[in-house]
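Thanks for coming. I have one model to go through this morning, and I will keep it short.

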Amino acid sequence: MNSQLQFLIELQKFDLRIFQIQDSQRKAPDLLKAAENPLKDILSRLQILKNTGETLVTQQRSAERELATQEDLLHKVRSRLSELKTNKEYQAHLFEIEQARKKKDSIEENVLETMERVEENKKTVQELETEAQEAQKVFDAEKGRLESQFAEMANELADLNQQQQKVADSVEKPLLARYNRLKTMRKGYAVAEVKDGSCGGCRLQLPPQLVAEVRRGDDLMDCSYCHRLLFMAHHLEVETLD
Ligand SMILES: [Zn+2]
């Protein structure tokens with residue numbers, strides 16, 4: 001068969017693998033990002049929880065100050081008891097004490113409630129911190145796996161580029177230019193196998209005369225429709241015998 005066709009078939013194998021690797025390399029940053037997402041999600045939830053925790057502690061402190069003030073006030077009101085003269089004053093005083101005590105109780109309740117919420121928040125933060133540590137471990141492992149995979153791909157690509165160049169050097173320049181044009185137009189597939197009388201690239205039925213010429217393999221023939229360069233399976237079998 002035409003040795004130039006043999007080179008092109010070889011070249012296409014390299015080019016397709018190169019194309020595949022380059023595509024994977026383009027997707028690599030997205031893969032890393034996706035692997036990091038669960039961790040990022042936990043960390044942002046953790047940040048929100050911690051902010052809530054800080055707000056709660058501030059609320060608790062302020063309620064505690066308010067309670068101290070109210071306790072002071074109650075104490076002062078009670079200490080005025082000795083100054084009272086009439087029964088009416090005494091009744092009014094009891095009422096005042098009752099009001100001050102009620103207010104103090106309500107503030108106290110608020111302090112306790114806030115303290116409970118602070119404790120609950122602390123517990124949830126701790127749980128989420130454990131989750132974050134786990135997620136960090138999972139991400140580190142996945143990142144390591146991906147990075148070694150990327151390094152392997154880069155090595156393979158460098159290797160393929162060398163081999164591809166060697167084969168490309170064996171192809172006559174005008175034919176190589178034609179191949180490269182087709183490769184760009186046909187997403188990497190410049191050479192197509194003829195199967196059951198059809199072009200493997202565009203799937204269209206080829207004229208029998210053309211199929212016969214491709215079978216002989218003396219000249220380079222191209223598909224009447226997509227212009228891919230055509231070959232047949234037995235051309236490859238010749239290669240393996242060599
Ligand atoms: Zn075709």
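**Two loop residues, a helix and a sheet**

I start with K187, which is exposed, having 9 other C-beta atoms within 10 Å. This is a predicted model, so please hear everything that follows as computed from it. K187 sits in the loop between α3 and β1. Its phi is positive, about 50°, although K187 is not a glycine. As background, most residues other than glycine have a negative phi.

There is a second case, H227, again not a glycine, with a positive phi of about 65°. H227 is in the loop between α4 (208-216) and β3. Is H227 buried, exposed or partly exposed? H227 is partly exposed, because 18 other C-beta atoms lie within 10 Å, and a residue needs 20 or more to be called buried.

Now the helix that K187 follows, α3. Helix α3 covers residues 173-185, which is 13 residues. At 1.5 Å a residue the helix should span 18 Å, and its end C-alpha atoms are 18 Å apart, so the two agree. Which residues of α3 are buried? They are Y179, L182 and K183. These three cover an arc of only 105° around the axis, which puts them on the same side of α3. The general point is that an α-helix has 3.6 residues a turn, so residues three or four places apart point the same way. The face of α3 turned away from that buried side carries exposed residues: K173, P174, A177, R181, T184 and M185. The cover over the buried residues of α3 includes α1.

Next, the sheet. Three strands make an open sheet, in the order β2-β1-β3, with mixed pairing. The edge strands are β2 (198-199) and β3 (229-231), each pairing on one side only. Strand β1, residues 191-195, pairs with β3 in the parallel sense over three bridges. Within β3, L230 is the bridge partner of A192. Helix α1, residues 3-79, packs on this sheet and touches β1 and β3. The direction of α1 makes about 100° with that of β3.

Last, the domains. The protein is divided into domain 1, residues 3-170, and domain 2, residues 173-241. Their C-alpha centres lie 58 Å apart. How many residues does each domain give to the contact? Domain 1 gives eleven and domain 2 gives 14. On the side of domain 1 that touches domain 2, α1 gives the most, with ten residues.

Terms used: Residues numbered from 1 in each chain as written. Predicted model: local features only at pLDDT ≥ 70, side-chain atom pairs only at ≥ 80, totals over all residues. Pairing = 2+ DSSP bridges. Helix = DSSP H or I, 4+ residues; strand = E, 2+ residues; numbered from the N terminus. Contact = placed C-beta atoms within 7 Å. Axes fitted to C-alpha atoms, helices over the stretch in contact; angles between N-to-C directions. Expected span 1.5 Å × (residues − 1). Buried ≥ 20, exposed ≤ 12 C-beta atoms within 10 Å, placed from the backbone. Arc of directions from axis to C-beta. Domains from an automatic or database assignment.
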